[in-house]
Amino acid sequence: QHDPNNLSDRQIMVHLFEWKWNDIADECERFLSKMGFAGVQVSPPTENVVAWEPTPGVKRPWWERYQPVSYKLNTRSGTEQQFQDMVNRCNAVGVRIYCDMVLNHMTGDWPSGTPATGGSSFNTGSKDYPAVPYSTYDFNGRDKCSTSSGNIENYGDANQVRNCQLVGLKDLNQGSDYVRGKIIELLNRLISYGVAGFRFDASKHMWPGDLKAIADRLNNLPTDKGFPAGARAFIYQEVIDLGGEPITGAEYVGIGRVTEFKYGKFLGEAFRGRNQLKYLKNFGEGWGMLASGNALVFIDNHDNQRGHGAGGDMILTFRVPKLYKMAVAYMLAWPYGFTRVMSSYYWEQNIVNGQDKNDWVGPPSDSNWNIITPTINADETCGSGWVCEHRWRQIYNMVKFRNVVHGTTMNDWWDNGNNQIAFCRGGKGFIAINNDNYPLQQSLQTCLPSGTYCDVISGDLVNNQCTGKSITVGSDGKAFISLSNAEDDGVIAFHIQSAI
Ligand code: LM2
Ligand code: CA
């Protein structure tokens with residue numbers, strides 16, 4: 001189902017990658033609700049392997065959460081009780097919870113006795129996960145996967161991609177009624193707690209028909225948790241489709257939305273100067289991407305911000321803040337897809353031959369590997385190793401922009417033939433972006449009523465005073481826009497609610 005079950009005036013989800021449940025609940029109440037975020041994508045809630053030095057020096061990597069051991073809800077993010085409490089507290093302030101679900105597989109190979117986050121035992125040699133329980137019959141075996149390694153070796157072969165192991169991870173058979181039943185039971189338990197939707201991890205590696213059969217058997221969202229009668233869980237499927245493979249994202253749009261990986265890659269190329277911003281005039285379907293209503297879009301995600309997944313070195317992240325803020329601003333101003341904002345933690349890179357040797361590093365943690373709670377600074381930004389892009393003014397003010405202009409189309413496109421662009425949104429908001437190496441100085445048609453507006457990128461409107469630049473729109477709807485290439489931010493944006 002394609003509807004995020006969001007409040008109608010909240011149009012953006014944030015991925016609070018590796019946050020603890022208690023901290024997410026606090027964030028819903030003190031920040032996300034106030035700033036108009038629709039919901040939170042949370043890290044996988046299911047019990048996972050404790051990846052303790054799988055290779056020397058690699059301790060508690062973030063990716064251990066993509067190796068489930070059972071469907072108990074016990075992880076480094078917290079307990080089942082804390083999970084339920086988070087969902088209740090976020091729902092109470094109108095912020096939805098979307099869970100990242102690892103349904104394609106269980107763990108990779110681990111020595112017997114390797115611990116799991118909920119205390120469950122497991123045996124990877126015999127494919128035994130007694131806490132579900134799953135046994136060897138529940139996994140795709142030699143009858144279905146014919147590669148010599150048992151792993152996916154050729155992405156040109158759709159059967160391999162679905163029926164063989166992804167990097168050695170034990171591959172569940174979602175075609176089996178028993179496995180479907182266990183997955184449905186898990187998803188329905190989460191739905192009963194008030195979860196509004198799911199990211200289906202590694203969807204490319206599961207058959208669309210199996211996912212459809214699972215999705216069709218989910219319960220309606222509970223009315224006693226505040227959902228309207230008949231509401232269905234939001235589903236967005238992680239399918240990496242940059243073209244050139246037999247499996248496409250389009251195969252999955254009947255079940256729910258699909259992550260559109262071309263979006264962040266194309267914008268990365270444009271803002272990094274491999275393409276010109278003027279071409280963004282018809283960004284979306286016109287660029288060979290999914291239909292807007294089928295797409296879940298983002299600038300970067302937890303994989304490609306560290307060189308995993310798709311997009312390579314074109315992906316923009318918090319490490320190139322000026323370009324990143326410009327791309328996020330464009331995404332949040334542009335009418336395409338349901339948008340997701342990434343919220344990261346910092347790690348020290350160690351690039352050797354173009355590869356980050358530290359791409360495994362987990363979230364900020366104490367000496368016992370417990371995840372640390374983010375500290376919040378006076379200026380709303382985070383400390384203690386958390387980047388919290390969603391708390392950067394230029395980003396959360398554009399969240400408000402998207403909410404304000406929601407329901408309008410794009411009009412009054414302008415470009416300078418290169419990398420200076422501007423457009424308006426149905427009388428409600430205006431944005432200009434300068435990614436050329438010379439100033440933008442131009443009288444431009446805005447679609448807003450005459451008046452003075454506060455630029456929400458350089459400042460905020462507080463007590464009817466603008467702490468940043470002010471822009472005057474004349475009775476002809478025109479405004480003089482001045483945006484030097486030397487400024488901290490390459491964006492000016494204002495909307496009807498930032499009128500002074
Ligand atoms: C995803 N989408 O399809 C996730 O977004 C991505 O983060 C997951 O990979 C992947 N699918 C599987 O759920 C991550 C990470 C991998 C990591 C796996 C499993 O990108 O590097 O693989 O999680 O934890 C790790 C090791 C790998 C090893 C494997 C099995 O990096 O070298 O392969 O575990 O032990 C032998
Ligand atoms: Ca599979």
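Which pocket is the space taken by ligand 1? Ligand 1 takes up the largest pocket, a pocket being an open set of points on a 1 Å grid over the protein atoms alone where a 1.4 Å probe fits, with protein on both sides within 12 Å along at least five of seven lines.

Before you click around: this is a predicted model, where local features need pLDDT of at least 70 and side-chain atom pairs count only at pLDDT 80 or more, while totals for chains, interfaces and linings use all residues. Residues are numbered from 1 along each chain as its sequence is written, and side-chain values use heavy atoms, with hydrogens and water left out.

**Stop two: polar contacts** (N or O pairs within 3.5 Å). Show the side chain of E238, where an N or O atom is 2.2 Å from a ligand 1 oxygen. Next try H302, with a polar side-chain atom 3.1 Å from an oxygen of ligand 1. The protein buries 75% of the 680 Å² that ligand 1 exposes when taken alone (Shrake-Rupley method, 1.4 Å probe).

**Stop three: the largest pocket.** Its volume is about 680 Å³. Select L166, V167, L169, D303 and H308, which lie nearest its centre among 24 lining residues (an atom within 4 Å of a point).

**Last stop: the second largest pocket.** Here the volume is about 430 Å³. Of 21 lining residues, pick R306, G307, G312, D313 and Q349, nearest the centre.

How values were computed. Chains lettered and ligands numbered in written order. Polar contact = N/O pair within 3.5 Å; in protein donor to acceptor, adjacent residues only side chain to side chain. Sits in = over half its atoms within 2 Å of the grid points. Points joined across faces, edges and corners; volume = space filled by probe spheres on them.
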